[in-house]
Each structure stands twice: as C-alpha cells, then as structure tokens.
Amino acid sequence: MASQLNTESAGPIEGLRVIEVGDLAEVAGKLLADAGADVIRVEPRQGARSRHIGPYVNDRPDTNHSLRFASANTSKRSVTLDFEREESVSIWSALVARTEVVLDGTGSSTLDDAGIGADHFRTLQPGLIWCSITPFGLNGPWQDWASSDLVQLALGGPMMSTGYDDHSLPPIRSDGEHSIAMSNEYALTALLAALWLRDDNYEDGDHPIGQLIDVSIHEAVSATTEGSFPNWEFLGQRVIRQTGRHAAAERNSPWQYKCTDGDYILLMGGGIPRDAKIFEGLLRWMDEYDLAGDLHDPKYLEVLYTDPNRDVEIRNHVADTIGSFVQSLTAEEVYRRGQALHLPWGIVRRPEQNLDDPHWEDRDFFWRGELPGHEESVRYPGAPYRFSNSPVRMRRRPPLLGEHNHEVYIDELGMAIADLRQYSETEVI
Amino acid sequence: MGILEETDRSGDARPLPLAGLRVCDFTWIVAGPQATRILADLGADVVKVENESYIDSMRLGLQRPDEPMSLNGSGFHSNFNRNKRGITANLHHPSGREVVERLVTQSDVVIENFSAGAFERMGFGWERLQELNPQAIYVSLSGFGQVGRDRLNITWGPTAAAVSGATQMSGLPDEDPAGWGYSYLDHTAGYYGAVAVLMALLHRRRTGEAQHIDIAQIETGMVLTAVPVLDYQVNGRKYQRIGNRSEYPSIAPHNTYRCAGDDFEDDRWIAIVVETEEQWGALCDVLGSPDMASDKRFNSNDARKRNEDELDTAITVLTRSQSARDLMHALQARRVPAGLCQRTDDKMEIDEQLSARGFYPSAPHDELGEHRYEGYPVQFSDARWRMVRGAPLLGGDTVEVLTELLGYSEEEVSQMMAELAI
C-alpha cells in the first residue's frame, strides 16, 4: 500500500515546507498539507496521541488504524523521533534546518527547555516561522495549568451558552475536539499572515522577518462565543442556555422540534417567516394538512409585519402553531418544502447522513481515498473551501507510523543507511 | 494617513502583518464580518460597503434598551466590524456603482456572503470583477456554496449547524440535541474565510494568479465531523450523542459537576477530567474523600468507566456545596485538568489568564464610546495585531475613502451625496 504523491495540480501553498510536532496542531497541519504544503509529522516512536484514540477500523486497536488519527492527518508524511534521546538533537536540527515553518503542538516549553525550541532555531534561521499552540499561551499565571478539550470549552465560555432549558442538566460540550479546531484555525490565520509578512519584507531586499507565534487555545475558544460577549460588555446582561437554540438574556420559544420520523428540524428563530409573502405560502402548506389553526386571522399578518412592537404573546402563539404543524410531518418534508418557501430551516442530521445527500456529490465535497486497515476506499470529508485555480485535496492517505523515515532521513537529509538502521535498533528513530 | 492609523494608540513599532493589503468588503450578519475582522485586526485596510438595500442588519442587533434605536448602536455589530472603514454606495445609481468599481480596482480581495448568485445579480460576478481587476481574489461565502443542486437554499448559522451534523453532535444521549447556543458555524466559516484569503494571496504572490473561492458554510461544519463519518463507513456505527463524557479515549471521570451557586443563579459547574491514577488520587484528596479513593467500584479506570453513573453521582455529592472556582484552583494545584464553566462576566472580570494576556483591549467608538473588545487570540514576536476602533458608523468613512483613496474631489463627493449616490 504505497502512498503516491499526486502532482496533478498545485495547491495554493504548494511546496511550503512544514514540520509538525506534538499533538495540539494536527488540524492546522492537515489543512496546510491538503493545500499543498509538504508537512512532515514528527512522532514519538509509539506514535502520536491520536493513534491511540479510537474508534479504530473494525474496532480493533492498532497504531495505524485509528480513525481519529486518519481524520486529522491526511496528506502528511510521518517520521519518528524520540526526543528523550540525546541523539535526537542533531536529527531534529537537520529537520528544522530544511523547513520554513515549525508547527509546535507540544503544548508546552519542553523543546525550549531542552535548548531545541524556538529560541534556539530562530537565532540560526532568521526567516523561520515557529507557531506554538498551547492550552493557555506561553506566559501568564495559568500557563502551566492542566488542560483538555472539555476543560477548554468550559473555561472559554461555549458550554455556559450550550445545553438545555432545564438547568438541572449541565452545560454541554459539543463533541468533536472543537477547542483544537478553533485554535488551529486561528493559528493558520496567524501563520499565513506571518508568511505574507516574511516575503513582503524579503522582496524589498531586507532580511526575511521570522516569527514566534504564540496561540492560546483558551483565547481562541474565548473569542468563539458570538452573542455572550456583547451582551455583557455593552448591555451588562448574562445569557442563559436554552435547548437547541441561541443562549439569550431572556427565555424565548423553541426552535427545534422532533418530527414523525424521529428526526429533528431546526426552525431558525422559531420559524416565523421574515415577510408576509412567505407567511402566506406557509399558510397554504399548513392548509393542506388542515393545521393552520387560527393563523388566517388578519391580525397575525398585521402584528408580525407592520407592528413595530411585535407583541410577544402573539409571536409566541404563531411560533407554537408552526411548531405543532412541523411535528406532524417528517423532518425531510419540513426541510425540503420549507426551503422551497425560502424559509431558513434545516434538518438536524447525524454526520453520516450527509454521505447520501447528492448536493455534496455535485460539489465533490467528499474525497475518496485509502484508509489504512480497510480494504475498500472510503469517503473523507473534504476541504472547507473550493479554490478555482489551485485545488485543495487529499494528496495522500494518512501515513503509517514512521512510514517516511527512509524517504525523509536518507533521501532528503542524507543520513547514511547504516546510521538509520542503528538509530532504529537503538530506538532513537 | 487614514483615521485608523491616526487613532492607533499602541505606540508599538512592530509591523501589522497585512498592512498594505486592501479588502473590498460586502459582508454582513456574522460569518463574512468574522472573516474580514481577522484581516482587519492583522492590519489589512478593510473597506466595508453598505447601501440602502444592504445595510448590515446586525447594526440593529442587541440595541441598548435605554437609548433610541440607532444604526450605530449595536455592540454586537461593533465587535465583528471593528478596525474596518465603512462607506455607503448606492448600486442603483451609476455614480454609486462607479465608486464600487473604483474600490475593486484598488483592492486585493473582494469578499461577500450574500445568498448564492446575489452578488452576480448586483452586477459583480467573477467575470466582471476580473475585468475590473485581474489581480483581485474573490471570495463568496454562502450556506450551501455557489454550485450544487441546493445552492439556493437559505441558511443562517443554526441552519448550517443542523445540516452539517454539528447540532446532532452536541447533547445528552437521552435528551434532544442541545446544538450550539450560538452561531458557531458563523465563526468557523469566518475563520476558514480568512484562511482561504491568505492562502490565495500567497498563491497569487507565487504565480501572479488570482482566483475565485467558493465557501459553503455547511461544509465548514462537515469537515469537523470526519470521525463519525469514517466510523459509519468502516464500522457501520450511527452517531450517538455522549454528553460530556468521553468514549474515545474511554476515561472517567470526564464530566461537568454541579457546584454551589452564586449571586446570579444556582447554576455553577466544574469540568473535571481524570486521565491517570495519580490524578484520581489527587481528585479524591482535594474533595476530601478517602472513602471514594478506596471504593472498589472506582479503583481503576476500567472500574470507573463500568460504574460511571455512580461515579458521577458520588463526585457531585462532594462538589455540590463547593465553590467551583476554588475547587478549580485546588485541583489545578494538583495537576488535575479542571475548569469552571465560565460565563462571559467570569472571563472579563475575573479570569487571571485572560487579564494577564491583555485579551480584552479597549477602544473607542463614535457612538458607543470606549469599550472593551475580544482580542485576537495570538501574540507575535515580530509583528502585532491591533484594536484601534469599534465598527465604522454607517457611511462614516465615505468622504475619507472617496477623496483619499478613490480619487474623488470634495465637490464630486458633495454632488454624489446630494444625488443619493452614496
């Protein structure tokens, strides 16, 4: 199962040389690699943390068969190196010497403490961009605090906005390692901006400007809470969490309903159409099922679309009537017919249900590719953007642990075969 | 020198990474403004264009209850549009259209987040933009993208979250989906929008080529669902919600626990994660429960996972009367991952880390006055980001932009104002 580098067309950052180390930067590394960067992931001999987290192919734990690892490591190459060993220093130095960017996801100052971190290499390589992603940033009273995704989504604020009307139920952490996603997305904006600045200056004939980029996961999560910030800073109000809809200073009516097929439908803002014409279309649809209730009474049109005070009780009654209506249909019908009426309503899908939606086929969103440990090819969720002239795509399947040791250490760094063999036997590589 | 440079009080000589780049910004609501906010924070000259048909409706969001309604009275809008300049241009008037065309010729990036096809119907499709400025990168950000059978569907952030799978992946197993308590995918689509702009700029520098970028907000959510999408294909498993627990890795305790309430509400919670036996011992210690430490039901991770309901109940009995913040400090002192579920007032008024890092810098706004804003969550060694000014007033920078940047005389500007072209 050799991994082939597809060189059909260049990505937007084709050829950018990146070394990724640690466990907190793998989403940023993947996004760079899918966009054409040559990302070498430097893993400990036992493999990156995500290789030891399931689910696994066929539910059988295997370093090379973790779906968690596969999801965040497409298009990368993998080499192994044990930083605990003194011999690793010269090998690590040779890796860094060939790179433009170090994505440091070790989450701490471990490399710097060992004298092989940003401080050391930035003196040697003036244009080097070193992007450090840590739980709380590289300084401050909490810099050494213990962290996890759950702790980050608690401290950063998303959880206190997310959960249920019933506050005996806890604030909710959304599943999917979102603190890593948020921080890695911000890290990419900083890293790409630093590359722009580096070359901006270089063209003028000066030294390229290198950069130490200090990304705090706590700050990235804290910046990703939308309405709770202005509610407090500008209005002095706290928001309270509500089931399946925006947290708000005051409770409002539901947005989400369970339909007859057991699936849920999201009625943006509670479902009241934004103008009278759409409201009338909705009433005709409700009439087909004889479920329009008293909504044909002209007072509703008047209150909803001309009354500046928008009487809350009347609005709630309309929203409740629409809610009862949608609960009597399938979610798919509500979604399709609602959208046909220009209602911003969405079916609440499980992730895998999107595999069957032909809209994503029209967009070639899913990437078909190999998955180590699985005989048939699979479909990976693709890129969050479509470039017209420099396609972002999966360049190679997720690497096996140390799959590119030979290619990188011997072919590219010029290590002798005998040395690689010895490093391997003595468990340095 | 424009108003933003004049207002910049930082005194910091380090460069803004994107200084010298210009963005013609037709974004509104949240997702698009989030993308251009990042570019503006990093120093790009973002010129936000509004007109009578397309005033950013978030200007009316979260108005101050004790003040008259004002198009410049929204802190919500100000936070997403800070550090930008704002002009108005009436696209139904030939002179107004010319203002936009001149701005496009002066821009590196044109970005909008209208419904698919709307910008083209306004006369600014990709072909027209290329005629005006072959170097301009064009970003369209919409719910379902510019191509595909459902491209005309209407979305807001929560609609996109629902369809993408993000809503379903949030909540307790026996309850309805909790979803996200805000438009998470408006943030996410904005972040990816900024990433795409920067990648395209680097591509242009290398090849001389501009391009059109099509972002579908729902896809920006779907990229975050890869694990369950793969799991379904290879293991046939349909996604099931897990609440705040952890199945991968399979560890316990991993949950939020109710603590003593506070002056606002009896609604205080702490997140606690135990990954090692050492941390388990420390947790029992800090909670003052030697009984729990020696309890056979909890004496290994496997045992705790088997008895997780009882475990979570036993922990809650101990946390219920404690201050969540004090408990967090005590657990962190013993290296146990723990965090208070913070509200925004906790983050802004108490959080020692955000305070030490200067995460909420203050800046003026011509109508809202001096206020704090969310920072950009990164510090650079040899560059800086800025927090100079809140959002532009509606059309507040029209005169400056038209005279200093687009080559209009003051008389021409007055004439266009009289004709309601701007």
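This report describes salt bridges, a strand sheet and helix packing in a predicted model.

## Basis

The model is predicted, so local features need pLDDT of at least 70 and side-chain atom pairs count only at pLDDT 80 or more, while totals for chains, interfaces and linings use all residues. Residues are numbered from 1 along each chain as its sequence is written, chains are lettered from A and ligands numbered from 1 in the order in which they are written, and side-chain values use heavy atoms, with hydrogens and water left out.

## Salt bridges

Over all chains, the whole structure holds 76 salt bridges, a salt bridge being a side-chain nitrogen of Lys or Arg within 4 Å of a carboxyl oxygen of Asp or Glu. One of them joins A:Arg122 to B:Asp382, at 2.7 Å from N to O. This pair crosses between chains: A:Arg122 belongs to helix H5 (residues 118–124) of chain A, and B:Asp382 to the loop between strand E12 (378–380) and helix H18 (398–405) of chain B. Helices (H or I, at least four residues) and strands (E, at least two) are DSSP runs, numbered from the N terminus. A:Arg122 is partly exposed at 23% relative accessible area, and B:Asp382 is partly exposed at 31%. Here buried means under 20% relative accessible area, exposed over 50%, and partly exposed in between (1.4 Å probe, protein chains only).

Within chain B, B:Asp312 and B:Arg245 form a salt bridge with their closest N and O atoms 2.9 Å apart. B:Asp312 lies in helix H14 (residues 308–319) and B:Arg245 in the loop between helix H10 (226–235) and strand E7 (254–259), so the pair ties together parts 67 residues apart in sequence. B:Asp312 is buried at 8% relative accessibility, whereas B:Arg245 is partly exposed at 21%. Another salt bridge, between B:Arg304 and B:Glu277, has its closest N and O atoms 2.8 Å apart. It links helix H13 (residues 301–306) of chain B, which holds B:Arg304, with helix H11 (residues 277–286) of chain B, which holds B:Glu277; the two residues are 27 residues apart. B:Arg304 is buried at 1%, while B:Glu277 is partly exposed at 41%.

A network of salt bridges links A:Arg238, B:Asp262, B:Arg268, B:Arg325, B:Arg343, B:Asp345 and B:Asp346.

## A sheet in chain B

In chain B, three strands form an open antiparallel sheet in the order E7-E8-E9. Two strands pair if DSSP finds at least two bridges between them. E7 and strand E9 (338–340) are the edge strands, each pairing on one side only. From one strand to the next, the twist averages 20°.

Strand E8 (residues 268–273) of chain B is joined to E9(B) by three bridges. B:Ala271 has B:Gly339 as its bridge partner in E9(B).

## Helix packing

In chain A, helix H11 (residues 298–305) and helix H12 (residues 312–327) pack at about 115°, with their axes 10 Å apart. Axes are lines fitted to C-alpha atoms, for helices over the stretch in contact, and angles run from 0 to 180 degrees between N-to-C directions. The contact (heavy atoms within 4.5 Å) involves A:Tyr300, A:Val303 and A:Leu304 of H11(A) with A:Ile314, A:Arg315, A:His317 and A:Val318 of H12(A).

In chain B, the buried residues of H18(B) are B:Thr398, B:Glu400, B:Val401, B:Leu402 and B:Leu405. Their cover includes helix H1 (3–7), strand E1 (22–26) and helix H19 (410–418) of chain B. Just after H18(B), B:Gly407 has a positive phi of about 80°.
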